[in-house]
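I opened this notebook page to record what I looked up in one structure. The entries run from the whole chain down to single residues.

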Amino acid sequence: MPVKPATKEEEYFARLELERKKKSAQEEAARLAEAEKQKLKDLHWMRCPKDGSELVETEFRGVKVDVCPTCGGMWLDAGELDALAQTESAGFLGGLSKFFKG
Ligand SMILES: [Zn+2]
């Protein structure tokens with residue numbers, strides 16, 4: 001059972017210590033969340049979201065895209081769909097780009 005602080009001064013320092021421990025616990029939780037995020041990034045970076053194979057960077061219509069050698073899926077980074085759409089603005093990709101932009 002915790003000892004009850006005897007004086008106002010002790011109570012003040014006990015509260016200060018509690019706040020310090022609370023802040024320290026919050027910082028530790030944030031550090032762990034960041035470490036988990038980094039772990040996931042390391043695990044998934046340049047991996048196919050469907051089968052986990054390592055993606056291969058290749059050029060498609062002048063735009064560098066990431067292709068999965070196992071399932072043939074293609075991964076586009078931000079802006080790459082627009083770049084592809086510009087090579088074929090009236091075609092299918094142009095429509096797809098407009099669809100995602102809303
Ligand atoms: Zn794949």
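The entries below follow the order in which I consulted the model.

**Basis.** I note that this is a predicted model, in which local features need pLDDT of at least 70 and side-chain atom pairs count only at pLDDT 80 or more, while totals for chains, interfaces and linings use all residues. Residues are numbered from 1 along each chain as its sequence is written, and side-chain values use heavy atoms, with hydrogens and water left out.

**Fold.** I looked up the secondary structure and found 3 helices and 3 strands in the chain. Helices (H or I, at least four residues) and strands (E, at least two) are DSSP runs numbered from the N terminus. Along the sequence I read the pattern α-β-β-β-α-α.

**Surface and contacts.** I recorded an accessible surface of about 8,700 Å² for the chain, with 59% of this belonging to carbon and sulfur atoms; the areas come from the Shrake-Rupley method with a 1.4 Å probe, and for residues only the protein chains shown count as cover. Of the 102 residues, 14% are buried. I use buried for under 20% relative accessible area, exposed for over 50%, and partly exposed for in between (1.4 Å probe, protein chains only). I then looked at contacts (heavy atoms within 4.5 Å). Among those between residues at least 6 apart in sequence, 7% join residues at least 24 apart.

**Cysteines.** I searched for disulfides (pairs of cysteine sulfur atoms within 2.5 Å) and found 0. Cys-48 counts as buried because its relative accessibility is 8%. Cys-68 is also buried, at 2% relative accessibility.

**Largest pocket.** Which residues line the largest pocket? I listed His-44, Trp-45, Met-46, Arg-47, Cys-48, Pro-49, Leu-55, Asp-66, Trp-75 and Asp-77. By class, I have 6 nonpolar, 1 polar and 3 charged residues in this lining. Here Ala, Val, Leu, Ile, Met, Phe, Trp, Tyr, Cys and Pro count as nonpolar, Asp, Glu, Lys and Arg as charged, and the others, Gly among them, as polar. The volume is about 170 Å³. A pocket is an open set of points on a 1 Å grid over the protein atoms alone, where a 1.4 Å probe fits, with protein on both sides within 12 Å along at least five of seven lines; lining residues have an atom within 4 Å of a point. Grid points are joined across faces, edges and corners, and the volume is the space filled by probe spheres set on the points.

**Positive phi.** Met-46, one of the lining residues, has a phi near 60 degrees, a positive value in a residue other than glycine. I placed Met-46 in the loop between helix H1 (8–44) and strand S1 (56–60). Its relative accessible area is 26%, so Met-46 is partly exposed. Arg-61, not a glycine either, has a positive phi of about 50 degrees and sits in the loop between S1 and S2. Arg-61 is partly exposed, at 46% relative accessibility.

I found Val-67 in strand S2, partly exposed at 21% relative accessible area. Leaving aside neighbours within four places in sequence, Val-67 is in contact with Leu-55, Val-56, Thr-58, Gly-72, Gly-73 and Met-74. Pro-69 lies in the loop between strand S2 (63–67) and strand S3 (74–75). Is Pro-69 buried or exposed? Pro-69 counts as exposed because its relative accessibility is 58%. With the neighbours within four places left aside, Pro-69 is in contact with Glu-54 and Val-56. From Pro-69 to Val-56 I noted 7.0 Å, C-alpha to C-alpha, at 13 residues apart in sequence.
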